[in-house]
Amino acid sequence: MTAQVDRTAGAAGAIEAVGTAEAAGTDRASRAPGTVRRRVLVGAAALLMLTGGATLAHGTADGTDSAPAPDGGGHAAHSTGAGDASGSGKASGASGASGASGASGASGTGEAGPVGGASRSGGFWMRADGVFSPPGSFVPSDALTYDTALVPAAARIEVTQYADRTSHRVGTRLRGLVPNRAYGMHVHTSPCAADPTSAGPHYQHRGSATADPVNEVWLDFRTDRNGDGEAKARHDWGFRDGGARSVIVHDAQGGAGKRVACFTVPFSS
């Protein structure tokens, strides 16, 4: 009888020992470095989400935080990003040198407001860019297209102006127009509006009954196979204060042509 009790007690003790060893092994496994690291990472991720880390990532992705939007967008429908408004177009209009470029604003809406300032040579520079949309569009724009077959909605334009003691230069770059096509462009006297004639006549240095590129600013250009084009004009005279307010895109080169688009530009004098 005594031997049987001892054997029973011994078996129970063995079972208890095995259970204790399994529990200890489980405890050691839970304390293994890999397990601890996983628990720490999961805890850190949860803490980050609770303290606003997810919100910060969302703001960065959609351009609503302090960082500029990817496409550089002031006005609701415009951009420069128009610093990149030209694309690869190299078609040239009137002779001259390019206008100075500046840093883009960042509205995140596709259009950069005008920028400019004093130049190191004692003159000034200005750049404005826009995205064309038809008059009366839900999102207003300073760039209006009156013929979407020739100037599609969402086509882009950039206008630069640079002046120093010896010269005055105006340049333009466009993208998204009809490929391999000639367009006319001139500086006009009034801002754009729904009526194409609202932009007034060509700006003239001296009043004249005739139109010519010496007395006016002509920016005729031809697009490349991508629908991109550019032009530059240079004169030894500048604009009168408030005298130049826009550029008109025409369906033909030369002194006249149908007005197919308009861009209001804050030219300096």
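Predicted model: local features only at pLDDT ≥ 70, side-chain atom pairs only at ≥ 80, totals over all residues.
**Order of elements**

**Whole-protein numbers**

**The open sheet**

Then I wanted the strand order. Five strands form an open sheet in the order β3-β10-β9-β6-β7, and the pairing is antiparallel. Which strands sit at the edges? I found β3 (143–145) and β7 (221–222) there, each with pairing on one side only.

I zoomed in on the β7 end. Strand β6 covers residues 182–188 and runs antiparallel to β7, with two bridges joining them. I picked out Tyr 183 and found that its bridge partner in β7 is Phe 221. Tyr 183 has something else going on too: Arg 181 lies over the face of its ring, at 5.3 Å from the ring centre.

**Nonpolar cores**

A reminder from class: in soluble globular proteins, nonpolar side chains tend to be buried together. So I went looking for cores.

The largest nonpolar core has 31 residues. Inside it, the residues with the most contacts are Val 151, Ile 157, Phe 239, Val 247 and Phe 267. Which strands supply at least two residues each? My list reads β2, β4 (156–163), β5 (168–175), β6, β8 (229–235), β9 (246–250) and β10 (259–264). Another core lies apart from this one, with six residues, among them Tyr 146, Cys 192, Ile 248 and Cys 262.

**Phe 239 and the rings**

Leaving out residues up to four places away in sequence, its contacts include Gln 161, His 168, Val 170, Val 187 and Tyr 203. Phe 267 is another of the residues that Phe 239 touches, and so are Ser 268 and Ser 269.

I then searched the whole structure for aromatic pairs and got four. Ring pairs link Phe 239 into a cluster with Tyr 203, Trp 237 and Phe 267.

**A buried serine in a loop**

Is Ser 133 buried or exposed? Ser 133 is found in the loop between β2 (124–131) and β3. Its relative accessible area is 10%, and the cut-off for buried is under 20%, so Ser 133 is buried. I checked its neighbours as well, again skipping residues up to four places away in sequence: Ser 133 touches Val 139, Ser 141, Ala 143, Leu 144 and Thr 145.

Last stop was the backbone. Most residues other than glycine have a negative phi, so I noted two that go the other way.

Ala 154 is not a glycine, yet its phi is positive, at about 85°. Ala 154 lies in the loop between β3 and β4. Its relative accessibility is 53%, and the line for exposed is drawn at over 50%, so Ala 154 counts as exposed.

Asn 180 also has a positive phi, near 55°. I found Asn 180 in the loop between β5 and β6. With 47% relative accessibility, Asn 180 counts as partly exposed.

Terms used. Residues numbered from 1 in each chain as written. Heavy atoms only, no water. Pairing = 2+ DSSP bridges. Helix = DSSP H or I, 4+ residues; strand = E, 2+ residues; numbered from the N terminus. Buried < 20%, exposed > 50% of the residue type's maximum accessible area, 1.4 Å probe, protein only. Contact = heavy atoms within 4.5 Å. Phe/Tyr/Trp six-rings, centres within 6.5 Å; stacked < 30°, edge-to-face > 60°. Lys NZ or Arg CZ within 6 Å of the ring centre and 35° of its normal. Core = buried A, V, L, I, M, F, W, Y, C linked by side-chain atoms within 4.5 Å.
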